[in-house]
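Student: I would like to go through this model feature by feature. Please give the general idea first where there is one, then the case at hand.

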Amino acid sequence: MSIDAQKLYTSVNVEMVINEIVQIIYKSPKDFFKINPEEKTNLGFDTKIPPEHIFRTFLFQILIKYNYFSTVAGFYQQIDGLSMGSKISPLIANIYLNIMEQKIIKNEIKKGTIVSYCRFVDDIYCIVRKDQKIAF
């Protein structure tokens, strides 16, 4: 079967993706935050890895709270999911789909429901057992 995700960006659970991203980053933050000990902030303080709660808040604000776009009719705030014009939306959507693959598709492959699976962005091609097609 061939599947194309509809309304992918507005369907992304942004809160879940942010939590997953922060959890991965803060397992080994030095791998993600390259801090130069000689570098100082604008106020002269040493640079350091931000606390987890501050980084999480930062991502929430960028992706949810301050997610505005403009049209000829005016400015609007994105209510659900990701905005279409944001440069980070494709990356976040891809991470979201990867999370779904790990939580759902991986188990279906182990159970033998899915024989073969391939995804490119939001287009999916998979082969499922004949007796599982309707259930899937």
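**Reading the cysteines, sheet and rings**

Tutor: Begin with a cysteine: C118 has a relative accessibility of 47%, so it counts as partly exposed. Keep in mind throughout that this is a predicted model.

Student: How many disulfides does the structure hold?

Tutor: The structure has zero disulfides. A disulfide needs two cysteine sulfur atoms within 2.5 Å. The cysteine sulfur closest to that of C118 belongs to C126 and is 10 Å away, which is too far for a bond.

Student: Is C126 buried or exposed?

Tutor: C126 is buried, with 0% relative accessible area.

Student: How should I read the confidence values?

Tutor: Where pLDDT is low, the predicted coordinates should not be read in detail. Here the mean pLDDT of the protein is 87, and 99% of the residues reach 70 or more.

Student: In which order do the strands of the open sheet lie?

Tutor: The order is β1-β5-β4, three strands with antiparallel pairing. The edges are taken by β1 (2–4) and β4 (114–120); each has a single partner strand, so one side of each has no neighbour in the sheet. From one strand to the next, the twist averages 20°.

Student: How many bridges join β4 to β5?

Tutor: Six bridges join β4 to β5 (residues 123–128), and the two strands run antiparallel. As one point of reference, I114 is opposite V128 in β5.

Student: What should I look for in the backbone of the loops?

Tutor: Most residues other than glycine have a negative phi, and most peptide bonds are trans. In this model, V121 has a positive phi of about 55° although it is not a glycine. V121 belongs to the hairpin of β4 and β5, which has two residues between the strands. With a relative accessible area of 48%, V121 is partly exposed.

Student: Where does K7 lie, and what is its phi?

Tutor: K7 lies in the loop between β1 and α1 (8–11). Its phi is near 55°, a positive value in a residue other than glycine. K7 has 69% relative accessibility, so it counts as exposed.

Student: How is a pair of aromatic rings described?

Tutor: The distance of the centres and the angle of the planes describe a pair of aromatic rings. There are four aromatic pairs in this structure. In one of them, the rings of Y26 and F33 have centres 6.0 Å apart and planes at 50°, so this pair is tilted.

Student: Are Y26 and F33 buried or exposed, and which residues do the ring pairs link into a cluster?

Tutor: Y26 and F33 are buried. The cluster linked by ring pairs consists of Y26, F33, F55 and F58.

Student: Let us finish with a residue in a helix. Which residues does S89 touch?

Tutor: Leaving out residues up to four places away in sequence, S89 touches Y9, L82 and S83. S89 lies in helix α4 (residues 89–111). Its relative accessibility is 1%, so S89 counts as buried; the cut-off for that class is under 20%.

Key: Residues are numbered from 1 along each chain as its sequence is written. This is a predicted model: local features need pLDDT of at least 70, side-chain atom pairs count only at pLDDT 80 or more; totals for chains, interfaces and linings use all residues. Side-chain values use heavy atoms; hydrogens and water are left out. Buried means under 20% relative accessible area, exposed over 50%, partly exposed in between (1.4 Å probe, protein chains only). pLDDT is the predictor's confidence in each residue, from 0 to 100. Two strands pair if DSSP finds at least two bridges between them. Helices (H or I, at least four residues) and strands (E, at least two) are DSSP runs, numbered from the N terminus. Axes are lines fitted to C-alpha atoms, for helices over the stretch in contact, and angles run from 0 to 180 degrees between N-to-C directions. Rings of Phe, Tyr and Trp (its six-membered ring) pair if their centres lie within 6.5 Å; planes under 30 degrees apart count as stacked, over 60 as edge-to-face and the rest as tilted. Contact means heavy atoms within 4.5 Å.
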